Amino acid sequence: MLNRCHILRHVSLLRRHIHFSSLPHSDGEVGAATDPTLLGRLSRLLLLHRFPAAARLLSTSPLTHALLHAALRRVRLDPDAALHLFRLAPYRPSLLAHAQLIHILAHARRFPAARALVASLLSARSIEPLFPHLAEVYRDFSFSASSFDLLLRAHADAGQLKDALHVFDEMVKFGCRRTLRSCNRLLNELVRVGDVGTAVSVFEQIRCTGTLPDEFTVAIMAKAYCRDGRVAQAADFVKEMEGIGVEVNLVAYHALMDGYCGVGQTEVAGRLLLSLKGKGLSPNVVTYTLLVKGYCKEGKMEEAERVVREIKENEKIVIDEVAYGALINGYCQRGEMDNANRIRAEMVDAGLQVNLFVYNTIINGYCKLGRMVEVEKLLQEMEDRGVSLDKYSYNTLVDGYCRKGSMSKAFETCDTMVKNGFTGTTLTYNTLLNGFCLCGAINDALKLWFLMLKRGVVPNEISCNTLLDGFFKAGKTEQALNLWKETLARGLGRNVITVNTVINGLCKIKRLAEAEELFGRMKEWKCPSVSLTYRTLIDGYCKVGDLGRATQIRIDMEHLGLAPSVEMFNSFITGLFVANQSDKVNAILVEMGAKGLSPNTVTYGALIAGWCKEGNLQDACSLYFEMVEKGLTPNLFICSALVSCFYREGKVDEANLVMQKLIYTDMIPNCSASTLDISKVAHAIESAAGGNHQSAKIMWNIVIFGLCKFGRVGDARNLFEDLKAKGFVPDNYTYSTLIHGCSASGFVDIAFGLRDAMLGVGLTPNIVTYNSLIYGLCKSGNVSRAVNLFNKLQSKGISANAITYNTLIDGHCKDGNTTEAFKLKQKMIEQGIQPTVFTYSILIHGLCTQGYMEEAIKLLDQMIENNIDPNYITYWTLIQGYVRCGNMKEISKLYNEMHIRGLLPANWTGHVKQADPIVNNQNVDICCLKTYRQC
């Protein structure tokens with residue numbers, strides 16, 4: 001024992017030399033000239049174990065590399081002498097000397113010391129490989145073959161697979177046998193890093209040498225085949241091993257069961273479990289937990305719970321946190337948080353502690369649903385129980401807040417994460433980038449991108465894709481393309497996902513020529529075009545109505561053997577509606593059916609949206625009920641199309657009824673179609689949005705807009721307040737809609753109150769918001785206050801637009817102050833804003849009202865000279881002015897002009913009353929209504 005400790009102390013000393021010295025080249029070879037007398041005396045002293053005397057000898061005569069190599073050769077049969085000689089070296093011995101010592105230790109079967117020496121060499125990360133020196137010494141000493149096996153195992157354990165494979169191949173040339181244990185180490189490491197193909201190749205070479213696999217080899221290879229998706233081959237392999245008498249352990253069957261569960265064949269895995277007892281193996285908690293995970297993955301939660309009950313009823317097996325955690329994770333993945341919490345309570349009742357994995361699983365489930373209030377309660381519970389968050393916890397929280405749009409909370413979480421010793425990773429930054437992009441805050445996303453680079457966090461493909469997609473969706477095409485160039489310069493981006501993102505972005509903004517150019521470059525980059533690439537281009541052309549080019553791309557795609565998909569046909573359906581060829585829609589549906597493709601939710605969405613666009617509510621509703629009968633759930637797009645169409649047709653009650661029918665509220669008594677049940681409709685919208693809170697917000701905005709549009713401003717405000725109480729976060733559109741609704745209904749003070757509330761939550765009112773306020777003030781007769789607000793716009797950093805000027809001009813004209821109205825028109829031009837047909841029509845109406853017909857006609861001539869075509873309202877305003885003056889001659893001239901311009905109603909017979917369906921209405925109200933529709 002003392003001798004062994006003595007040797008290990010020497011190895012420890014050697015390790016220090018290796019770590020703290022650089023590796024010099026050898027001064028000479030083993031056979032280089034040395035002083036024979038000195039070599040002889042040194043060798044004798046070492047072999048006699050007179051180590052102090054050897055040290056005194058070397059104090060007067062230097063120990064050169066050549067002398068060290070020669071002395072090691074002399075004492076190669078005495079490992080103690082070799083170790084002490086190494087200790088006497090005043091420098092770090094060369095790799096050749098290390099190779100000599102490794103062979104000496106291995107030959108003496110001092111494997112622990114030899115392994116420690118090899119491991120220390122590999123950890124020093126020498127540029128020069130050790131294998132050639134081992135080979136040279138092997139030829140010189142004629143031993144020890146086991147040194148190569150030691151090196152093979154050491155490389156495998158260190159994860160240096162390229163070197164390990166080199167040793168594996170070269171050993172055979174020296175006639176050295178690889179031990180099965182070392183081969184298993186190599187195989188296991190190859191499978192661990194996912195290099196299954198190489199693992200299979202190595203295994204075949206092992207078998208060719210006649211080496212019989214053991215139980216560990218079988219388990220490793222079963223895992224390898226399953227990870228490669230070759231579960232049937234794994235099963236055949238295990239069966240073959242059993243047939244030749246090789247022991248197959250429980251680990252191998254676990255690998256096989258995991259493989260079956262991974263490909264959705266959990267029932268087969270269950271049958272395999274039942275067969276284990278017949279093979280003399282006893283299933284343990286891991287065996288059953290694999291089944292729980294498999295059933296959860298397939299969504300068969302009742303079966304998963306049944307397996308958990310079996311574990312609990314089996315007296316030989318003690319259920320653990322992993323089994324419960326798998327079941328809880330299954331429910332969380334499906335969004336069934338009540339069931340997840342029920343299982344957690346059952347777990348606690350069983351005497352088990354809720355561990356970090358379970359907490360993380362439940363946090364992730366709540367975060368995906370946007371239920372951050374529950375998450376914060378859970379965090380408090382963790383703090384009370386002394387469970388600390390890990391990096392996964394923090395990243396999950398950041399993702400949850402980003403999904404909710406609470407970016408300030410997301411950054412607070414990042415700060416807490418850093419304070420607790422965790423650094424932000426690329427994943428963290430990617431999550432934040434995605435959060436900003438979802439909120440439409442693309443400038444903030446760009447600032448974060450630069451901060452990421454400044455902090456040395458290297459962006460990956462996902463980072464680039466997220467920001468590229470965000471730029472395209474925000475309409476910032478040039479910035480997207482500049483980022484794309486930067487991405488290529490970084491050596492990233494030449495992959496199918498990124499290229500498809502750019503092609504998709506270009507298609508969405510209708511820059512199809514550039515999209516096709518990039519499509520052509522994919523071949524140069526050896527980036528294979530996939531079905532998605534072709535579908536994206538087809539979709540782009542369909543959305544602009546170019547069905548000819550879309551069809552040609554489809555033909556090219558099919559020539560490559562890529563089959564048409566439901567998504568492709570969905571694009572063609574949209575294209576037919578865009579191209580006003582809805583009569584061909586049925587032919588597309590027939591072709592889909594002939595190819596064995598069934599319409600999906602998106603197909604129905606395209607059809608319903610198309611018919612809604614054409615005002616065909618009957619067909620749209622029929623399709624809606626058809627998809628429901630087929631078990632398809634209407635999504636946000638479909639709901640939005642139907643509700644918008646109902647609102648457009650003025651059928652507000654029907655729109656509300658459609659909302660409630662999403663959850664079959666027609667089966668619930670006392671449910672009024674004209675009064676929204678917020679809780680029920682909220683559930684419907686959340687279901688339709690599929691957990692996407694931004695989509696749900698759009699849907700609520702549609703409902704609020706519809707109510708405001710048809711004068712139900714009180715209902716809209718009540719809905720707004722109820723939604724806020726339930727956690728709804730209004731955006732600019734929500735406030736702008738309500739402000740316009742209140743302003744148009746005469747509730748100007750309430751509108752200004754909403755503007756203040758908007759500022760209070762950090763939202764910046766835009767020109768649309770202020771146009772609504774100015775319109776409300778003008779409509780209520782408070783033009784001076786409207787002018788004051790207009791004058792403050794520049795100080796708020798907001799530029800007035802044509803609608804702003806038209807509204808104020810209309811206000812002045814209604815006050816009879818045409819002088820101020822014309823001053824505003826002049827200012828409008830000076831600001832670079834061209835007057836529109838609405839501007840001239842309002843001014844003409846103001847002049848006609850005051851009887852200035854000559855000036856009104858001059859203004860008509862001026863607008864025509866400025867290439868602005870008068871419309872029906874312009875002429876009718878003038879006609880009404882001349883009617884009041886009794887000048888029928890001028891009226892006849894105006895009718896002739898209208899006839900030439902094609903502005904007369906189809907049923908006109910020359911009678912003023914017949915030609916004017918709104919003769920008793922205020923024409924300017926129509927003009928203003930059209931103006932505000934542009935908001």
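What is the mean pLDDT of the protein chain, and what share of its residues reach 70 or more? The mean is 85, and 87% of the residues reach 70 or more. Here pLDDT is the predictor's confidence in each residue, from 0 to 100. The model is predicted: local features need pLDDT of at least 70, side-chain atom pairs count only at pLDDT 80 or more, and totals for chains, interfaces and linings use all residues. Residues are numbered from 1 along each chain as its sequence is written, and side-chain values use heavy atoms, with hydrogens and water left out.

A contact means heavy atoms within 4.5 Å.

The protein chain holds 53 helices and 0 strands. Both are DSSP runs numbered from the N terminus (helices H or I, at least four residues; strands E, at least two). Of the 935 residues, 49% are buried. Buried means under 20% relative accessible area, exposed over 50%, and partly exposed in between (1.4 Å probe, protein chains only). Among contacts with a separation of 6 or more, 61% join residues 24 or more positions apart.

Helices α15 (residues 250-262) and α16 (residues 266-275) pack at about 160 degrees, with axes 7 Å apart. The two are therefore roughly antiparallel. Axes are lines fitted to C-alpha atoms, for helices over the stretch in contact, and angles run from 0 to 180 degrees between N-to-C directions. Angles under 35 degrees count as roughly parallel, over 145 as roughly antiparallel, 65 to 115 as roughly perpendicular and the rest as oblique. From α15, the contact uses Tyr 253, Leu 256, Met 257, Tyr 260 and Cys 261. Helix α16 supplies Thr 266, Val 268, Ala 269, Leu 272 and Leu 273.

His 812 lies in helix α46 (residues 802-814). Its relative accessible area is 9%, so His 812 is buried. Beyond four places in sequence, His 812 touches Val 783, Val 787, Asn 817, Thr 818, Glu 820, Ala 821 and Leu 824.

Lys 858 sits in helix α49 (residues 853-865). Lys 858 counts as exposed because its relative accessibility is 54%. Its C-alpha lies 9.5 Å from that of Ile 844, a residue 14 positions away in sequence.
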